[in-house]
Amino acid sequence: MKCIISLNLWEIQVASLTNDGEFILRTAGMELIMKTKLKPGDFIILIIVITIALSSMAAFIQKDADISRAIIIKDGKTLYDINLNKVKKRTEIRDEGKYNELIVLENGKVRFEESDCPDKVCVRTGWISRPGQSAVCLPAGIIIKIVGEYNEDNNDIDIILK
Amino acid sequence: MKNIALKITIIDGILISMALILSYVERLFPIGFIIPIPGIKIGLANIITIFALFYLDIKSAVIIAIIRCIISSMLFGSVYSFLFSLSGAMIALIAMVSLIRGYNRYFSIFGISIGGAAAHNIGQIIIATILLKSSAVLPYLSILLFSAIITGTLTGFVSEKLIGHLDKIGISKALICQKLSNS
């Protein structure tokens, strides 16, 4: 014997009276959560996604460079190539185009200070200074990326034990 | 037969409007202010695509995805956001169509949804690399993919609930019957 006692959008409650006179009330919604079983393929997808994410993250993390240079690229062409170690005073670079951009360099750091682009993602990225970091203004097609240069003789070994 | 085609067109239209509402709703969450990276979205409209793949056919899913991208970028976005959302949606569709063949045997709805979300972000990064003619955006992929795992799980959970309930109500059974009589 079975009867549906309540039916709304979120859960369907089914009350069933068994032959022994036992009254069982179960919620269809609860049953669904219990039915949700992860399959082995799900973990394979997760592992693949995490592997791709970690390998692209490796581009982020680079060791400290001796010289870091800021490269400002517009539409695939390099406009400026600046040694950030020598930048101490505030320097302004303006780009008058479809969107007026104001790029500021100060104390070995660089950022987009003002921009007329609609989403202002470039301004919110803030100061960047380490090699591997980049700030992008997609509507204006401007990329600032920081590239490191390493001296060959200045390696990471502190002491050699024999 | 004509009647069934008309019904499916009407269902497509309803689903497109639902997807548009969802992409408006997810714009109300100010994720862009917390993480200043373009392209991080919850991807609520993906729920509609998953539903269309399960109960309608691939053709309907493609139509829904393309028209949703066109209208939502006309309403809220620009040419750039159109290119991004279209390329992401198409690659996500290709991934989900190939994953859905192994549904119940190899993958659950969570795997399909996470795979679709990750493919969406990979598509966006590919288009960004082509547009900027530079690989400077590549490091963003890691952040986008980690967010895809979270948002993919979320949309997978919602789709699971939605499809389960529609099964109980019986709407989906009617749709499948139509699909069978159509072919």
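This is a predicted model: local features need pLDDT of at least 70, side-chain atom pairs count only at pLDDT 80 or more; totals for chains, interfaces and linings use all residues.

I looked for its buried residues and found B:Ala61, B:Ile64, B:Ala65, B:Arg68, B:Cys69 and B:Ser72. They sit on the same side of α4(B), because they cover an arc of only 130° around the axis.

**The other face.** Next I turned to the face of α4(B) that points away from the buried side. There I noted the exposed residues B:Lys59 and B:Met74.

**Helix length.** I then checked the span of α4(B), residues 58-76 of chain B. At 1.5 Å a residue, its 19 residues should span 27 Å. The end C-alpha atoms are 27 Å apart, so the two values agree.

**The core.** Which residues have the most contacts inside the largest nonpolar core? I listed A:Ile144, B:Ile48, B:Ala52, B:Ile64, B:Met96 and B:Ala118, in a core of 67 residues. Helix α6 of chain B, residues 109-132, gives the most to this core, with ten residues. I recalled that nonpolar side chains tend to be buried together in soluble globular proteins.

I picked B:Ile48 and looked up what it touches. Leaving out residues up to four places away in sequence, B:Ile48 touches B:Leu15, B:Met18, B:Ala19, B:Leu22 and B:Ile64. B:Ile64 is also one of the buried residues of α4(B).

**Between the chains.** Last, I looked at where the chains meet. I found 30 residues of chain B in contact with 35 residues of chain A. On the chain B side, α6 and α7 (140-169) each give two or more residues. The largest share, ten residues, comes from α7(B). By class, I noted 18 nonpolar, eight polar and four charged residues on that side of chain B.

Note on methods:
Residues are numbered from 1 along each chain as its sequence is written. Chains are lettered from A and ligands numbered from 1 in the order in which they are written. Helices (H or I, at least four residues) and strands (E, at least two) are DSSP runs, numbered from the N terminus. The expected span of a helix is 1.5 Å times one less than its number of residues. A residue is buried if 20 or more other C-beta atoms lie within 10 Å of its own, exposed if 12 or fewer, and partly exposed in between; C-beta atoms are placed from the backbone. The arc is that of the directions from the helix axis to the C-beta atoms. A nonpolar core is a set of buried Ala, Val, Leu, Ile, Met, Phe, Trp, Tyr and Cys residues joined through C-beta atoms within 7 Å. Two residues are in contact if their C-beta atoms, placed from the backbone, lie within 7 Å. Ala, Val, Leu, Ile, Met, Phe, Trp, Tyr, Cys and Pro count as nonpolar, Asp, Glu, Lys and Arg as charged, and the others, Gly among them, as polar.
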